[in-house]
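Please examine the sequence and the structure shown below.

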Amino acid sequence: MDLGIRGRWAVVCAASKGLGYGCAEALAANGVHIVLNARTPEPLEAAAKRLAQHYGVEVVPVAADVTTAEGRARLLSARPDPDILITNAGGPPPGDFRDWDEEAWIAALRANMLSAIFLIQATLDAMLQRRFGRIVNITSSAVKAPIAELGLSNGARAGLTGFIAGLARQVADRGVTINNLLPGRFLTDRLRANFAYNARKLGKPVEEVERAALARIPAGRFGDPREFGDLCAFLCSARAGYITGQNILIDGGAYPGTF
Ligand code: NAD
């Protein structure tokens with residue numbers, strides 16, 4: 001299937017590895033040029049080189065922290081008018097609600113709510129003028145079914161979800177779609193860190209915690225970031241123009257509801 005986005009430009013945040021990288025790779029495989037972002041220059045530059053060599057697209061690495069205004073400005077100065085924007089940032093740490101002070105909450109809001117909102121604010125009008133735009137926010141299945149130890153994520157991402165629900169409908173008539181992708185459990189460094197936290201908390205070996213998590217996934221396996229990227233690329237395609245304001249779970253059937 002030709003996604004109809006060859007030659008377009010995407011800004012992909014927090015993408016030297018994991019789910020962001022999966023999205024960047026799937027877009028590059030479909031001929032999209034990429035501004036690739038993460039905080040640490042070396043792995044970011046290696047990832048950019050890999051994508052450019054393999055897929056023959058332009059890839060511009062920008063090392064910047066998307067949770068800061070300065071980092072977002074630097075990122076967008078590489079491409080102020082992307083056709084496609086994938087927002088993403090590291091997830092907040094797990095913990096107990098008693099331990100989260102105002103500073104911890106503000107950091108979570110910056111990372112998992114406000115950074116996406118400000119990136120959208122800076123890029124949306126140009127998309128509207130060109131009558132084409134695709135925005136995908138990487139959020140979490142925790143928006144639909146909260147994960148106890150990730151309360152900071154449950155709260156901050158729910159705020160982003162509410163904002164996007166309203167905004168997507170305001171711009172749908174001018175060729176711009178905005179959707180949220182909700183990952184269940186994908187085998188990335190982030191997931192491994194969560195397992196390590198739970199193992200420490202429960203005093204159990206990490207393999208046991210991992211097996212218990214696996215047992216709750218009907219697909220019987222963790223997700224592959226490449227599958228996540230493929231869904232993201234489809235949402236960014238010319239063919240997905242009638243999908244907007246949606247929260248799309250990709251979780252191997254883990255969410256137990258009928259819909
Ligand atoms: P990961 O740790 O594998 O990769 C995170 C990437 O983001 C890295 O490239 C890192 O350099 C970059 N990054 C982190 N903070 C950044 C910042 N402030 N500015 C720029 N780059 C930054 O993580 P992942 O598993 O790919 O998770 C991505 C997001 O999805 C996180 O918010 C995570 O909480 C969420 N999520 C992941 C899962 C899962 O199963 N992996 C499930 C639900 C939600």
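## Basis of the description

A contact, in this report, means heavy atoms within 4.5 Å. The model is predicted: local features need pLDDT of at least 70, side-chain atom pairs count only at pLDDT 80 or more, and totals for chains, interfaces and linings use all residues. Residues are numbered from 1 along each chain as its sequence is written, and side-chain values use heavy atoms, with hydrogens and water left out.

Helices (H or I, at least four residues) and strands (E, at least two) are DSSP runs numbered from the N terminus.

## The sheet

An open sheet is formed by seven strands in the order E3-E2-E1-E4-E5-E6-E7, with parallel pairing; two strands pair if DSSP finds at least two bridges between them. Strand E3 (59-63) and strand E7 (247-250) are the edge strands, each pairing on one side only. From one strand to the next, the twist averages 15 degrees. Angles run from 0 to 180 degrees between N-to-C directions, and axes are lines fitted to C-alpha atoms, for helices over the stretch in contact.

Strand E6 (residues 176-183) is joined to E7 by four bridges, and the two run parallel. Pro183 stands opposite Ile250 of E7.

## Strand E1 and its neighbours

E1 pairs with E2 in the parallel sense over four bridges, and Ala10 has Ile34 as its bridge partner in E2. The chain passes from E1 through H1 to E2 in a right-handed β-α-β crossover. Such a crossover is right-handed if, with the strands pointing away from the viewer, the path from the first strand over the helix to the second runs clockwise. E1 is also joined to E4, by three bridges in parallel, with Leu85 of E4 as the bridge partner of Val11.

In a regular strand, side chains alternate between the two faces of the sheet. E1 is covered on both faces: Trp9 and Val11 on one side, and Ala10 and Val12 on the other, are all buried. Buried means under 20% relative accessible area, exposed means over 50%, and partly exposed lies in between (1.4 Å probe, protein chains only).

## Helices on the sheet

Helix H5 (residues 151-171) lies across E5, E6 and E7 and runs at about 155 degrees to E6.

## Nonpolar cores

A nonpolar core is a set of buried Ala, Val, Leu, Ile, Met, Phe, Trp, Tyr and Cys residues joined through side-chain atoms within 4.5 Å. The largest has 35 residues, and those with the most contacts inside it are Val12, Leu27, Ile34, Leu36 and Ile86. At least two residues of this core come from each of E1, H1, E2, helix H2 (41-55), E4, E5 and helix H8 (225-235). H1 supplies the largest share, seven residues.

Apart from this core lies another, of 28 residues, among them Cys13, Ala89, Met113 and Ile164. Returning to Leu36, its contacts beyond four places in sequence include Val12, Ala24, Leu44, Leu51 and Val62.

Asn179 is found in strand E6 and counts as buried, at 0% relative accessibility. Beyond four places in sequence, Asn179 touches Ile135, Val136, Asn137, Leu235, Ile243, Thr244, Gly245 and Gln246. Thr177 also lies in strand E6 and counts as buried because its relative accessibility is 3%. Among the residues that Thr177 touches beyond four places in sequence are Gly133, Arg134, Ala240 and Gly241.

Tyr197 is part of helix H6 (residues 189-202) and, at 18% relative accessibility, counts as buried. Its contacts beyond four places in sequence are Pro94, Gly95, Asp96 and Glu149. Tyr197 and Pro94 are 103 residues apart in sequence, yet 7.5 Å apart in space, C-alpha to C-alpha.

## Cysteines

A disulfide is taken as a pair of cysteine sulfur atoms within 2.5 Å, and by this rule the count comes to zero. The sulfur of Cys13 is too far for a bond, because the closest cysteine sulfur, in Cys23, is 11 Å away. Cys13 is buried, with a relative accessible area of 0%.

Cys232 is in no disulfide, and the nearest cysteine sulfur, that of Cys23, is 3.5 Å away. Cys232 is likewise buried, with a relative accessible area of 0%.
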